[in-house]
Amino acid sequence: RSTLSSSSAASDVYKRQALNIMKNTTDHNSEHSIFLETHPEIGLIELLIADGNGILRGKRITRDKLASVYEEGILLPGSLFCLDTSGANVEGAGLVWTDGDADRVCHAVPGTLKPVPWHRKGLAQILLTMHEEDETPFFADPRHVLKGIIDRFTAMGLKPVTAVELEFYLIDKERTATGYPQPPVSPISGLRHSAPAVYGIDELYDFDDFLDEVASMAKAQGIPADTMVAEYAPGQYEVNLHHVDDPLLACDQAVLLKRLVKHVAQRHGMEATFMAKPYTEESGNGTHIHVSLLDESGRNIFQGKGTNEEERLSQEIKWAMGGLCESMVESMALLAPNANSYRRFQLGSYAPHTPCWGINNRTVALRIPAGHPAATRIEHRVAGADASPHLVMSAVLAGMLHGMENKIDPGPRITGNAYKEKDASLPNIWPDAIDAFENGKILPKYLGKEFCHVFSTCRKTERERFNSYISTVEFDWYLRTV
């Protein structure tokens, strides 16, 4: 396994100093000098910024330029936030030719300067966030969108505690004879998995080296990936991040974990995909968000005072779920951002199809997991793994705020199979979701009207581009038959 070595004493000093930096007790500008002193083997640093699709973009610099990034920032075009998933500019969003494709200044996110242990050269990475020339937050940067929502909780004396769960598929680099993806061959058993094996232990053994390396490299980068399980379909896995009391940090970790998983898979001769629905007949990849709220004394305000299932829930958690249910339709474009996203929403697929809630029930959109009352939380189960973690978290927290500010009743809980008890009502095709987002009345109050305009324009343009291509299915079905 590839690791970046350093003396244990220097490493301990760096860890202590970095911890102080993250607690804002040390000068932010000392972070880079401590890091470079601790890691003399680092020659290049990747400057990474997550775009509106949750895709990391940026540039590489040499180590001698890192100080200027910390002290002055680095310029990148604002048009990074009006790209479709393929990376093409969306001119109608107003950030390309309208302002001459102007640059904005990007600053380092404290605590994100880390080695890249899977790379064969001395490489490090750091996350950036974008600002205007006067240092105000750039409205189209999803990190700032999320930060604005967090600030509203802070003003209420509340702190969201969040955790992210991500599902992905390992796939063979060799496609099938018809060009479709397929599960990889295990380097241990020599078998290609072909049957469901949810929570299967042998399925973990078969890719032990890959999973061990994901865990070790996540630890090296300070990403708290504490649980990995085999999911329902062949080659599908879920990785859980430990809860943290900073939603921005939780989303940064999720974005970086996706990058790590993909690169480690490549090192093992495979590919990893967070595509929502890579297989027609198999389950899709989801992103699940867990949220609780702490008051200024550290008490979980979602915990009720009773002992039975209903009484263990406070009025605040019900209001939060009411807001999430009411805003879910217009949130769908954020939770399911591309054409493939909507193939995941099928009956009986564990992908919710209607705004509803339940206790210890995986057929609902909003699940209250079983466990100790002090850990009472909402598990939001709608988003795909292909969505931007920052925007998914923004949609979830905005919906909760809406419900709590307006004391919205979520209605009765579902106690059985939500697929049979409730009719499908969430948009299940891309154009309907885009229309619902564009005409939304709730989310613009929390995400900002300017951001919503850029996002909806990018989604509409990507849809138009996607529809301009002719699929192989169309040739198979229509070329000779009509």
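This is a predicted model: local features need pLDDT of at least 70, side-chain atom pairs count only at pLDDT 80 or more; totals for chains, interfaces and linings use all residues.

User: Which residues touch the most other members of the largest nonpolar core?

Analyst: They are F210, M400 and L447, in a core of 95 residues. Helix α8, residues 315–335, supplies the largest share of this core, with 11 residues.

User: What does M400 touch?

Analyst: Leaving aside residues up to four places away in sequence, M400 touches F153, V291, L293, F302, A320 and L324. Another core, of 31 residues, lies apart from that one, and Y70, I74, A93 and C106 are among its members.

User: Why does V473 count as partly exposed?

Analyst: The reason is its relative accessibility of 35%, because partly exposed covers values between the 20% limit for buried and the 50% limit for exposed.

User: And H144, is that buried or exposed?

Analyst: H144 counts as buried, at 16% relative accessibility. It is found in helix α4, residues 142–155. The side chain of H144 reaches the backbone oxygen of M130 at 2.6 Å. Not counting residues up to four places away in sequence, H144 touches T129, M130, H131, P137 and F138.

User: Changing topic: how many salt bridges are there?

Analyst: The count comes to 18. One of the pairs is D99 with R104, whose closest N and O atoms are 3.0 Å apart. D99 is partly exposed at 27% relative accessibility, whereas R104 is buried at 11%.

User: What about D245, which residue does it meet in a salt bridge?

Analyst: The side chain of D245 meets that of K159, at 3.7 Å from N to O. D245 lies in the loop between β9 and α7 and K159 in strand β7, so the pair ties together parts that are 86 residues apart in sequence. Relative accessible area is 44% for D245, which is partly exposed, and K159 is also partly exposed, at 40%.

User: Where do R192 and D172 sit?

Analyst: R192 is in the loop between β7 and α5, and D172 is in strand β7, 20 residues apart. These two form a salt bridge with closest N and O atoms 2.9 Å apart. R192 is partly exposed at 35%, while D172 is buried at 15%.

User: Which residues are linked in a network of salt bridges?

Analyst: E46, R60 and R259 are linked in this way.

Technical notes:
Residues are numbered from 1 along each chain as its sequence is written. Side-chain values use heavy atoms; hydrogens and water are left out. A nonpolar core is a set of buried Ala, Val, Leu, Ile, Met, Phe, Trp, Tyr and Cys residues joined through side-chain atoms within 4.5 Å. Buried means under 20% relative accessible area, exposed over 50%, partly exposed in between (1.4 Å probe, protein chains only). Helices (H or I, at least four residues) and strands (E, at least two) are DSSP runs, numbered from the N terminus. Contact means heavy atoms within 4.5 Å. A polar contact is a pair of N or O atoms within 3.5 Å; within protein, one must be able to donate a hydrogen and the other to accept it, and residues adjacent in sequence count only if both atoms are side-chain atoms. A salt bridge is a side-chain nitrogen of Lys or Arg within 4 Å of a carboxyl oxygen of Asp or Glu.
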